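Please inspect the sequence and the structure before reading each solution.

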Amino acid sequence: MVWESPKDAMPWVGLYTAIASLICTLAMTVDVVQAFWKWKLWFPNVYFTLNASTITLIAIAMKLPMDLTTDTDDIEVYGAKFSGIGFLITMLANFLPSLGLMDDKELLMNIAALGILVITIVVNICIQTFTEVRLFPFARIPLIIFPLLWPFSVALTISQTRKQLEHRYNESRALITSNEEKNFSSKELKRYVKRHWIIAETHNPQFVVACLPVSSCYGVICVFLALISSLAFVKSIKGMRYNWFGTSDYKWSLKIVFLVQAFGIVVGSIAPIFRCFTYVGHYNRSMKWSKNSLNVFRVEKHWMQGLQQWKRTHVHSHIPGRRCKIIFQSIKNTFLHFCIIYHIAVLVVCKTICLVPRTSVILLSCCWYFFKSVLKRFKKNENTSNINESSEIEEYTRYAIQIDEDERLSNRLLRNTLHSITKLINASEEKEPHDLIMLLQKSIGFNGVVEFDNNEVPSLYPEEIRTCWSLVLVTLTTIAIALPNIGNDHFKRLLSGLKEGLQIVSHIEECLYVDVDSIKARKAAIRVWTEVEIYHTWLKIHLRKKACKENTSKEILKWLGDEAAKIVIQFKSSKKTSIDQSPNELILAGAMYKISQTILLYCHGKENWPNNEELFEWISTIIADVLAACFTNLPHVIKLKCHHHAIEKRGDDIQNAAQLLGKSEKILKILEARQLPNIDRESMVYIDKWRVLSKSQSTTQQCFAGKPRSSSLSESLIVSTI
């Protein structure tokens, strides 16, 4: 393919524009589908948000409206340019709620980048209009440019809105904290999660922005854009067989750009239109609320608070001289005056445009309310489920957050919010870890937390290495897999149960571990678990091959201890002298040595050496005890996940807490029937603290009591550490 001039490359430039437009359309489509799936009809932004990538894609998609060289006398070129501007307005309407997710710095950077792009587009439109090109009539220019500036007006309110939401969030959390108990059942934990979910959803900055008059006004505009684009799309499809290439430099790609952007307008208009018409359903309809909604000149406090605060704030400038400072203050105040006037004008215009849809929806809702009240007169008994549902909504209403006190959130919105989190919990309950539950049923206490490690086994390294739950569990499972003459079903079931258990253990450790040593031990365990689960190897040592060579369990345990000792000896001979510089292998080897030799001591303490099945079952019971002890941290972890310091991440964390609660409901019931040892919450986090506490209690002294020790074995253990 040879291009004789730059014009020959224009079809491919058009195709590039179409691909960028298609990516934006797909992102908007995914957001729409996800919102319908979760029944969030205010359509939060997940994929199509304002960021550097989105701004770049928008700039590429706006190639045709900004092109000054095309002939607008061609109806196809004119239609493509008009479609491009409509596509831009649709994209601005779509990602508007995502502004609420940004902190001040991120918002400033993104709005500045968007401002540069919008100014460039506006200047190009004006050049094409006020020259011989005559892209649009003069009267249409304000109608086209004004909607492009609305996101900047919304951006001015974000900072103050987030501060107010954070203040209300802390107030609502204080209500929950004051009623909080030390230990929760699964039922109480569900209530705890639901309360925080109501708080998180109603104080979501995206929800607040989606309910603004600007969002509703964008919805009204998108209705007309979608209708025009739908007709043009159908007409263009019908005419493609007669004129595919066109007369412009873009040739065949012009049709593709137009079709993609017209389709993008139709799909992208769904979210803004729904935000406009479902706004009324988000609030309790009262006479005062209806009057405020129809009063276009009512300016809400949070809409102007940020600008007024900036106006009162004294700017510490390094401008020398009193007169220069006076000039600077005058310029600043003039600019802020202009912003306030523009800000109020945007609000009044948007409220005026929204009068028609809001009035119609209010009238329809009043008719529906009247119709329901008439039907209630003919119903003698009220449904019990409706009574229970109403009482549940009343219980959680006090935790709902709204910026404007005159606007109370509707019961329908709260009901949908509760339904979404309840549905998530129920779906997680159906995915309960069956193999893990079967494994936990082998545990009747917490003695295994002591039995896996014996102080009579000397450490391979003079400095003590802190262990963690996952490291102990993975090491015990590795030893169980290496035992000879064990059926595949037994160790596959053990692997499956531990895999399900480690998924929950990872939540606990990730949430509670803050010290460096525990984090290092956890990383080492995660790394070796992949080997153990998939390849049945431990540090590239094949476990099942050794078991298939007719070795006894005693030989297997000694072999694992010797392999661990070799790794430590190699580390000692290296130049690294500090344990802080130790690789994962040293941590894994230290745990393997102590646990394998502890099991040897246990077996020597028996009158008869246990057979392979008995030893496998004993190790499985130890694993179950360790898992049970670790899972006592679950209520605390679920509560911690319910409040993240970042406002934009709270919803996701609460969803994770709900999923964790649903999966672990049966586990909590198992633990609820047990009597926990006298241990404080901070000590429950670490397995080392459990061992120290358990050894101080008389009930756990049975672990090694009355068990004879072999002098030859003790000597061999001491020799192997040298």
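**Exercise 1.** Classify Glu-429 as buried, partly exposed or exposed.

*Solution.* The structure is a predicted model. Buried means under 20% relative accessible area and exposed means over 50%, with partly exposed in between. Glu-429 has a relative accessibility of 22%, so Glu-429 counts as partly exposed.

**Exercise 2.** Identify the salt bridges of Lys-190 and state which parts of the chain they link.

*Solution.* Step 1: the side chain of Lys-190 meets that of Glu-429 in a salt bridge, with an N to O distance of 2.7 Å. This pair links distant parts of the chain, since Lys-190 lies in helix α8 (residues 186-202) and Glu-429 in helix α18 (residues 411-430), 239 residues apart.

Step 1: Lys-190 also forms a salt bridge with Glu-665, and here the closest N and O atoms are 3.3 Å apart. Again distant parts of the chain are linked: Lys-190 in helix α8 and Glu-665 in helix α30, 475 residues apart.

Step 2: through shared partners, these salt bridges join Lys-190, Glu-429 and Glu-665 into one network.

**Exercise 3.** Describe the surroundings of Glu-665 and decide whether this residue is buried or exposed.

*Solution.* Glu-665 belongs to helix α30, which comprises residues 665-672. Leaving aside residues up to four places away in sequence, Glu-665 touches Ser-186, Lys-190 and Glu-429. Its relative accessibility is 14%, and Glu-665 therefore counts as buried.

**Exercise 4.** Which residue forms a salt bridge with Lys-666, and how accessible are the two partners?

*Solution.* The partner of Lys-666 is Glu-432, with the closest N and O atoms 3.2 Å apart. Lys-666 is in helix α30, whereas Glu-432 is in the loop between α18 and α19, and 234 residues separate the pair. With 42% relative accessibility, Lys-666 counts as partly exposed. Glu-432, at 16%, counts as buried.

Terms used:
Residues numbered from 1 in each chain as written. Predicted model: local features only at pLDDT ≥ 70, side-chain atom pairs only at ≥ 80, totals over all residues. Heavy atoms only, no water. Helix = DSSP H or I, 4+ residues; strand = E, 2+ residues; numbered from the N terminus. Buried < 20%, exposed > 50% of the residue type's maximum accessible area, 1.4 Å probe, protein only. Contact = heavy atoms within 4.5 Å. Salt bridge = Lys/Arg side-chain N within 4 Å of Asp/Glu carboxyl O.
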